[in-house]
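Notebook open, structure loaded. I want to jot down what I look up as I go.

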Amino acid sequence: MSYITTAQLEARLGATLYARLTDRVNGATADGAVGQQIVDEAEAVADGYLAARYATPIDLVAHPELGTMLTARVLDEAEWLAWKSSPFVSDVPERLRALHEESLRWFEMIADGRLPLPAASPPASRTARDDGPHYSGGPRRFTAEELEGL
């Protein structure tokens, strides 16, 4: 299940800019494989944050009301990544830097639980949570009192 497609990214950027940002050889011909890598990376960023609270990827068939919102935020991230990864662009426009930062803040608020996804019914939560190793020790064989005077 994907949040965006390369066609949506190309439509957002326009054909000429999409070609410039995805072609790694001369910046003139669109490269669909590079476009897909950008889309995959943007979706991975989104899922990385969403996974803190929800089972990922979010099922947009079961929650169509989230589609527009998630598509917009993931496209923001994909556009940022396209500009950032292109060898033919020296600076990312300030407008995109602001969109990227706002997008990450939005995802962080979801991950922290400060902003729930506004779904008609909540998306599935994480099914397993493992925050690291869990240790349990047995009773001490020697207590401080037993070792007193040694």
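I started at His100, which is buried at a relative accessible area of 12%. Buried here means under 20% relative accessible area, exposed means over 50%, and partly exposed is in between, with a 1.4 Å probe and protein chains only. His100 sits in helix H5. Helices are DSSP runs of H or I with at least four residues, strands are runs of E with at least two, and both are numbered from the N terminus. Which residues does His100 touch, leaving out those up to four places away in sequence? I found Glu77 and Trp80. Contact means heavy atoms within 4.5 Å.

**What I am looking at**

I noted that this is a predicted model, where local features need pLDDT of at least 70 and side-chain atom pairs count only at pLDDT 80 or more, while totals for chains, interfaces and linings use all residues. Residues are numbered from 1 along each chain as its sequence is written, and side-chain values use heavy atoms, with hydrogens and water left out.

I counted secondary structure next: the chain has five helices and zero strands. Along the sequence the pattern reads α-α-α-α-α. Of the 150 residues, 35% count as buried. I also checked how far contacts reach: among those between residues at least 6 apart in sequence, 71% join residues at least 24 apart.

Two packed helices are described by the angle between their axes and the distance between the axes. Axes are lines fitted to C-alpha atoms, for helices over the stretch in contact, and angles run from 0 to 180 degrees between N-to-C directions.

H4 (residues 67–85) packs on H5 (residues 94–112) at about 135 degrees, and their axes are 9 Å apart. That makes H4 oblique to H5. Angles under 35 degrees count as roughly parallel, over 145 as roughly antiparallel, 65 to 115 as roughly perpendicular, and the rest as oblique. The H4 and H5 crossing is left-handed, meaning the near helix is turned anticlockwise from the far one by less than a right angle, with clockwise being right-handed.

I listed the contact residues: H4 gives Met69, Leu70, Arg73, Val74, Asp76, Glu77, Glu79, Trp80 and Trp83, and H5 gives Arg95, Leu96, Arg97, Leu99, His100, Glu102, Ser103, Leu104, Trp106 and Phe107. By class the contact has ten nonpolar, two polar and seven charged residues. Here Ala, Val, Leu, Ile, Met, Phe, Trp, Tyr, Cys and Pro count as nonpolar, Asp, Glu, Lys and Arg as charged, and the others, Gly among them, as polar.

Val92 is in the loop between H4 and H5. Is Val92 buried or exposed? Val92 counts as buried, at 14% relative accessibility. I noted its contacts as Trp80, Trp83, Lys84 and Arg97, again leaving out residues up to four places away in sequence. Val92 and Leu81 are eleven residues apart in sequence, and 9.5 Å apart from C-alpha to C-alpha.

**H3 against H4**

H3 and H4 pack at about 130 degrees with axes 8 Å apart. That makes H3 oblique to H4. Their crossing is right-handed. From H3 I noted Ile38, Glu41, Ala42, Glu43, Val45, Ala46 and Leu50, meeting Leu70, Val74, Glu77, Ala78, Leu81, Ala82 and Ser85 of H4. By class that contact has ten nonpolar, one polar and three charged residues.

I stopped at the loop between H3 and H4, where Pro57 is found. The peptide bond from Thr56 to Pro57 is cis, with omega near -5 degrees.

**H1 against H2**

H1 and H2 pack at about 115 degrees, axes 6 Å apart. That makes H1 roughly perpendicular to H2. The crossing is right-handed. Thr6, Leu9, Glu10 and Leu13 of H1 meet Ala15, Leu17, Tyr18 and Leu21 of H2.
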